[in-house]
Amino acid sequence: MLSVTGEDPLRILLGTAVLALVVSLDGEGTSTILIVVGAFLPLYKRLGIRVVHLVCVLALAIMSTNLTPWGGPVARVAVALKLDPQELFITMIPAMLVMAACTIAVAFVLGMRERRRLEWSASDRRHIVPAGGPGTPAAGDLHGEVDPARLLGNEQTIRPRLIWFNAALTIALLVALVTELAAAPVLFMAAFAIAILVNYPRPSQQKERLEKHAPTLLTVVTMILAAGVLTGVLTGTGMIDAMANSLINIIPSSLDGHFGPVMALLALPGQFFLSSDAYYFGVVPILSEVGVQHGLTPLESASAALLAGPIHALSPLVPALLLIAGLTGLDIGEIVRKNLKWALAVSVVAAGAVFAFGIVPL
């Protein structure tokens, strides 16, 4: 990506967006941040491009393609509302595509602004060539401020000869998920078994990979089990119904049958001022119950609840934002002030797309 962008601010912003969109498909924001910041931050600093623009594009990209069945938002909503993550993901594909397009559009606007500010012209075009020649990591060559190889793995985990096999396996898995060839857990177990046997044929290598990722997996599994207990208690004791009825009483009767836009609007402050668990496990079930009273299905309520993802990416309560601030050296207040308008715009456009496609009824 660095070899394509050169030193053109516009190409660099667009490259940042494309790289972040692709990497964030893994559903893990931390790895996306480390890879994208590691690759582009030294270049931004060397050329004088505003680093806050890197943060903006990165945050938008993470929440645009993080609506996969294995991503945090979809997993949480699916557990809270007892939905199939695969079905919810397929429903949200149009919104994902729209948010991804909006992310690229924002990167284009910011890139054009930086071109004018830095007075860059086509005659200035140069290409970044890694010091070690083609095929070597470029991030460490630009003053080596962040080394993603050091943060994410080591030489034993680099497998360039298997890139096409892994790409084909990933695409096949995505196709199988979208076409619902089998249940998502079955598809993932089969793909994982194939991937680990091909990429790490020795049992010692497989053991090392499992040990490295086990802490993250156990945390997610524990979170899902705990969320199931919480929602079960709230539902079984009738607290969800009671809170929903109280909320129904304060909603104007004129909004009866039009709760879809209301829920999308409530998602904006909900995702910004609340943590992920508090919003998805505490608020969304209540709003979904209210939505049922207004003619919304749980799937439609879940779709509306996920539309404010770009806003959520800039919430000070999100650990990923703290990681971005730490790596870039920017103040969280500055990040939020300068980027919130873009996140709000992308969320509004995504909501419009969801309503236009009939995913959530008006």
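**Aromatic pairs and helix geometry in a predicted model**

Phe40 and Tyr44 both belong to helix 3 (residues 29-47), where four residues, about one turn of the helix, separate them. Helices (H or I, at least four residues) and strands (E, at least two) are DSSP runs, numbered from the N terminus. An α-helix has 3.6 residues a turn, so residues three or four places apart point the same way. The model is predicted, and local features therefore need pLDDT of at least 70, side-chain atom pairs count only at pLDDT 80 or more, and totals for chains, interfaces and linings use all residues. Residues are numbered from 1 along each chain as its sequence is written, and side-chain values use heavy atoms, with hydrogens and water left out.

Three aromatic pairs were found in a search of the whole structure. The rings of Phe40 and Tyr44 have centres 6.4 Å apart and planes at 85 degrees, so this pair is edge-to-face. Rings of Phe, Tyr and Trp (its six-membered ring) pair if their centres lie within 6.5 Å; planes under 30 degrees apart count as stacked, over 60 as edge-to-face and the rest as tilted. Both Phe40 and Tyr44 are buried. The rings of Phe272 and Phe273 also form an edge-to-face pair, because their centres are 5.0 Å apart and their planes stand at 90 degrees. Phe272 is buried, at a relative accessible area of 15%, whereas Phe273 is exposed, at 60%. Here buried means under 20% relative accessible area, exposed over 50%, and partly exposed in between (1.4 Å probe, protein chains only).

In helix 4 (residues 51-64), 14 residues should span 20 Å at 1.5 Å a residue, and the end C-alpha atoms are 20 Å apart, which agrees. The expected span of a helix is 1.5 Å times one less than its number of residues. Helix 4 is mostly covered, with 14 of its 14 residues buried.

Helix 13 (residues 276-293) has 18 residues and reaches 25 Å from its first C-alpha to its last, close to the expected 26 Å. Helix 13 bends by about 40 degrees at Val284, and a proline, Pro285, follows within four residues. The bend at a residue is the angle between axes fitted to the seven residues ending there and the seven starting there. Buried residues of helix 13 include Tyr279, Tyr280, Phe281, Val284 and Pro285. After helix 13 comes Gly295, whose phi is positive, near 95 degrees.

Overall, the protein has 17 helices and zero strands, and 47% of its 362 residues count as buried.
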